[in-house]
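Reader: I would like to learn how to read a few features of a protein model, taking each one slowly. Could you give the general idea and then turn to the case at hand?

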Amino acid sequence: MATVRVVLTGVFTLALLGGLSGAVMAQAEPADAEVAGTSALQIEAGPLVYVPMGNSLTFYPLGSQSFNARYAAMLEEDFSVDVDVRGHTVGGQRTDDFLEQLRTNDRLREDLGDADVVTLLIPNDEWAVPFSTAAGMDGRDASECGGEDHQQCLRDVIDSYKQQVDQIFDELTAIVDPAETLIRVQDFYQFRTNFTTPETFDILYPYWHEGQEYVEQVAGQHGIPVAQVFDDFMGTDGLYVDLIADGLVHPDGLHPTAEGAGRIATLVHDLGYGLAD
C-alpha cells in the first residue's frame with residue numbers, strides 16, 4: 001500500500017496514516033468492485049482525492065481508528081494508490097450550518113470539484129435540545145416540547161431537517177456528479193440511549209428513525225447509496241438498546257468507539273464502488 005497524505009481543511013486534525021510503499025497503477029480499480037450503476041470508480045493515476053464531510057462522529061476515536069482514517073485506508077488498499085484526504089468534518093455542526101458551508105465555502109467546493117470519493121454524514125446538532133426536552137433529560141421538562149403529547153418539538157425539528165436534507169442533496173449533486181464521483185452516505189445511530197429509559201426511548205425512536213429513513217429516500221433519488229448504520233446498530237425491531245453496553249459507542253452516548261467506527265467503515269465499504277446510473 002502507498003502512504004496516505006492528509007490535507008487539513010477542517011476544524012479538527014486527521015492523523016497521518018502510514019502504509020507500505022507501492023507504485024501508482026494507471027486505471028486502478030479494485031478487483032472486487034461491485035457495479036451498482038452503469039460503471040465502477042476507476043482511478044487513472046494517484047493520488048485518489050477523498051473528501052469526508054460530517055461531524056465529530058466521523059473522526060472519533062482520534063487518529064487511525066476513526067471512520068475517516070479507516071475508510072481512507074480501505075481506499076488505499078483497494079486501489080493501490082496514494083490517498084489525498086481533504087477533511088471537512090466539523091464537530092457540533094447544525095444541519096443548516098452544513099448547508100451554508102456547501103453553498104459558500106470556496107475551499108470545500110473546490111475540494112469537492114477535485115474529489116474522486118466523497119463520504120457524507122449530515123450533521124444534526126440542532127436535534128440535541130428537542131430530543132433531550134421530550135425525554136426529560138438533563139433536568140428538562142418534557143411539557144416544554146409542546147403539543148398535547150409533549151412531542152411537538154420533535155415533529156418540528158424533523159420537518160425542518162427533511163427540508164434541509166432535500167437542499168443538501170440538491171446542492172451537493174450540483175457540485176459533484178454522482179455518475180462521475182463516488183458519493184457514499186451514512187446515516188447514524190440514536191444518540192444517548194444510555195440516558196433514556198425504555199419508556200422515553202420509545203418516544204424518541206420513531207422520530208430518529210424517520211430522519212434516517214428520509215436521508216436514504218432522498219439519497220436514492222440521486223442514485224447515491226446509504227450505509228444503514230442506524231439499522232445495523234439499533235436493530236429493526238424498535239426495541240431499547242444500550243449501544244455503550246454493546247461496545248459500539250463511547251460512554252458519552254454520542255461518539256463511536258474504535259469497534260463502532262470500524263463497523264461503520266465496513267458498512268460504507270460494503271456498498272462497493274459502483275457509480276450512479
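Predicted model: local features only at pLDDT ≥ 70, side-chain atom pairs only at ≥ 80, totals over all residues.

Reader: Which helix gives the most to the lining of the largest pocket, and how do the lining residues divide into nonpolar, polar and charged?

Author: Helix α4 gives the most, with 3 residues, and both α4 (128-134) and α6 (198-221) supply at least two residues each. By class, the lining holds 9 nonpolar, 7 polar and 2 charged residues.

Reader: Turning to helix packing, at what angle do α2 and α3 pack, and which residues meet there?

Author: Helix α2, residues 95-104, packs against helix α3, residues 106-114, at an angle of about 70°, and their axes are 6 Å apart. Angles of 65 to 115 degrees count as roughly perpendicular, and α2 and α3 are therefore roughly perpendicular to each other. From α2, the residues Gln101, Leu102, Arg103 and Thr104 meet Asp106, Leu108, Arg109 and Leu112 of α3. This contact of α2 with α3 comprises 3 nonpolar, 2 polar and 3 charged residues.

Reader: Where is lysine 162 placed, and which residues does lysine 162 touch beyond those up to four places away in sequence?

Author: Lysine 162 belongs to helix α5, which covers residues 152-175. Leaving aside residues up to four places away in sequence, lysine 162 touches Glu210 and Tyr214. With glutamate 210 there is a polar contact of 2.6 Å, which joins the two side chains.

Reader: Finally, the backbone: which peptide bonds are cis, and what is the phi of histidine 150?

Author: Most residues other than glycine have a negative phi, and most peptide bonds are trans. Here the bond from glycine 46 to proline 47 is cis, with omega near 0°, and proline 47 sits in the loop between β1 (5-8) and β2 (48-54). The bond from tyrosine 60 to proline 61 is also cis, with omega near -10°, and proline 61 lies in the loop between β2 and α1 (67-79). Histidine 150, although not a glycine, has a positive phi of about 60°, and histidine 150 is found in the loop between α4 and α5.

Definitions and conventions: Residues numbered from 1 in each chain as written. Heavy atoms only, no water. Helix = DSSP H or I, 4+ residues; strand = E, 2+ residues; numbered from the N terminus. Nonpolar A, V, L, I, M, F, W, Y, C, P; charged D, E, K, R; others polar. Axes fitted to C-alpha atoms, helices over the stretch in contact; angles between N-to-C directions. Parallel < 35°, antiparallel > 145°, perpendicular 65-115°, else oblique. Contact = heavy atoms within 4.5 Å. Polar contact = N/O pair within 3.5 Å; in protein donor to acceptor, adjacent residues only side chain to side chain.
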